[in-house]
Amino acid sequence: MQLAAHPYSDEMVLIVSNDSSQDYAVVWNGSAWGNCLTLDSTWSGNDRTDVYVAYEQQSGDALVVWGSGNDDVHFRTWDGSWSNEFVTPGIGGGYSRWITLGADRNSDNIAMGVLTNDSDVWLAVWTGGGWVDQTTVTTSSTGTTELAVSVGFEGTSGQALAIYGDAASPTAPLYRSWTTAGWSNSAKTVEIGATSNSMVLYPEPGTDGAMLAVNDDSSDLNYVYW
């Protein structure tokens, strides 16, 4: 499950995947839950780690994303009512196993990272009205049973960062940055001593800094500051 808070009200949106791989969204209005929506109830073979929600930080609209057993990512928005369901076509043949989002504090842009069951990692950016700059950054992730991709926006610049594990550089996670000109080329973060597993990026409010937390195959938890 993932819970996201509205940037300037008491509203929150919760998105849940149950043990039958059925996906739901429900809205908290500050005092009660309501507007429950079934996102996916017909496909029981997909993973339960392919759901996420984030708010556009200017409009206050919520974006919910989920996998449905193929390489597409399905999504809806919430602005007081639920939009129709739309699909962002995936890249490659694998289905989305992990999905993660990161919102820009100063715009309606939201970055998305997707890890598929066949070790692809692809990225895209939601602009508030559609997806842009969708690209596959590796076809050989360091693993698929952990969250080997994370995204976030710097606090003031409007630049996004995407960090991901790549078997070609197993002990130094790779990263790319995004601006309206598109994604940069890949570069290494730093050597952490063992193959990277799960990773989470924590942007620092009010600055362009960010803290990256990486768990590795030696059961170490590494912190790297951008």
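Each exercise below gives a task and then a stepwise solution.

**Conventions**

The model is predicted: local features need pLDDT of at least 70, side-chain atom pairs count only at pLDDT 80 or more, and totals for chains, interfaces and linings use all residues. Residues are numbered from 1 along each chain as its sequence is written, and side-chain values use heavy atoms, with hydrogens and water left out.

**Exercise 1. Overall form**

Task: Determine the secondary structure content of the protein chain and decide how its radius of gyration stands against that of a compact globule.

Solution. 
Step 1. The protein chain has 0 helices and 20 strands; helices (H or I, at least four residues) and strands (E, at least two) are DSSP runs, numbered from the N terminus.
Step 2. The C-alpha atoms occupy a box of roughly 45 × 40 × 30 Å along the principal axes.
Step 3. The radius of gyration is taken over C-alpha atoms, and the globule rule is 2.2 Å times the number of residues to the power 0.38. For 226 residues a compact globule would have a value near 17 Å, and the protein chain agrees because its own value is 17 Å.
Step 4. Of the 226 residues, 53% are buried, where buried means under 20% relative accessible area, exposed over 50% and partly exposed in between (1.4 Å probe, protein chains only).
Step 5. Contact means heavy atoms within 4.5 Å. Among contacts between residues at least 6 apart in sequence, 43% join residues at least 24 apart.

**Exercise 2. The largest nonpolar core**

Task: Identify which members of the largest nonpolar core touch the most other members, and describe the surroundings of Leu115 and Leu123.

Solution. 
Step 1. A nonpolar core is a set of buried Ala, Val, Leu, Ile, Met, Phe, Trp, Tyr and Cys residues joined through side-chain atoms within 4.5 Å.
Step 2. The largest such core has 18 residues, and those touching the most other members are Leu115, Val121, Leu123, Val149, Tyr164, Trp178 and Trp183. At least two residues of this core come from each of strands S10 (110-116), S11 (121-126), S13 (149-153), S14 (160-164) and S15 (174-179).
Step 3. Leu115 belongs to strand S10 and counts as buried because its relative accessible area is 0%. Leaving aside residues up to four places away in sequence, its contacts include Tyr95, Trp98, Val121, Ala148 and Val149.

**Exercise 3. Charged side chains**

Task: Find how many salt bridges the whole structure holds, and examine Asp40 and Asp104 for partners of opposite charge.

Solution. 
Step 1. A salt bridge is a side-chain nitrogen of Lys or Arg within 4 Å of a carboxyl oxygen of Asp or Glu. The search finds 1, formed by the side chains of Glu85 and Arg76 at 3.8 Å, N to O.
Step 2. Glu85 is partly exposed because its relative accessibility is 33%, and Arg76 is buried because its value is 14%.
Step 3. For opposite charge, Lys and Arg count as positive and Asp and Glu as negative; His and the chain ends are not counted.
Step 4. Asp40, in strand S4 (residues 33-40), is buried without a salt bridge, its nearest side chain of opposite charge being Arg76 at 10 Å. Its side chain makes a polar contact with that of Ser68 (3.3 Å). A polar contact is a pair of N or O atoms within 3.5 Å; within protein, one must be able to donate a hydrogen and the other to accept it, and residues adjacent in sequence count only if both atoms are side-chain atoms.
Step 5. Asp104 lies in the loop between strand S9 (96-103) and S10. Asp104 is also buried without a salt bridge, with Arg105 as the nearest side chain of opposite charge at 7.3 Å. Its side chain makes a polar contact with the side chain of Ser107 (2.7 Å).

**Exercise 4. Positive phi**

Task: State where Ser21 and Ser119 are found, and give their phi values.

Solution. 
Step 1. Most residues other than glycine have a negative phi.
Step 2. Ser21, in the loop between strand S2 (12-17) and strand S3 (23-28), has a positive phi near 60 degrees. Ser21 counts as buried because its relative accessibility is 2%.
Step 3. Ser119, in the loop between S10 and S11, has a positive phi near 75 degrees.
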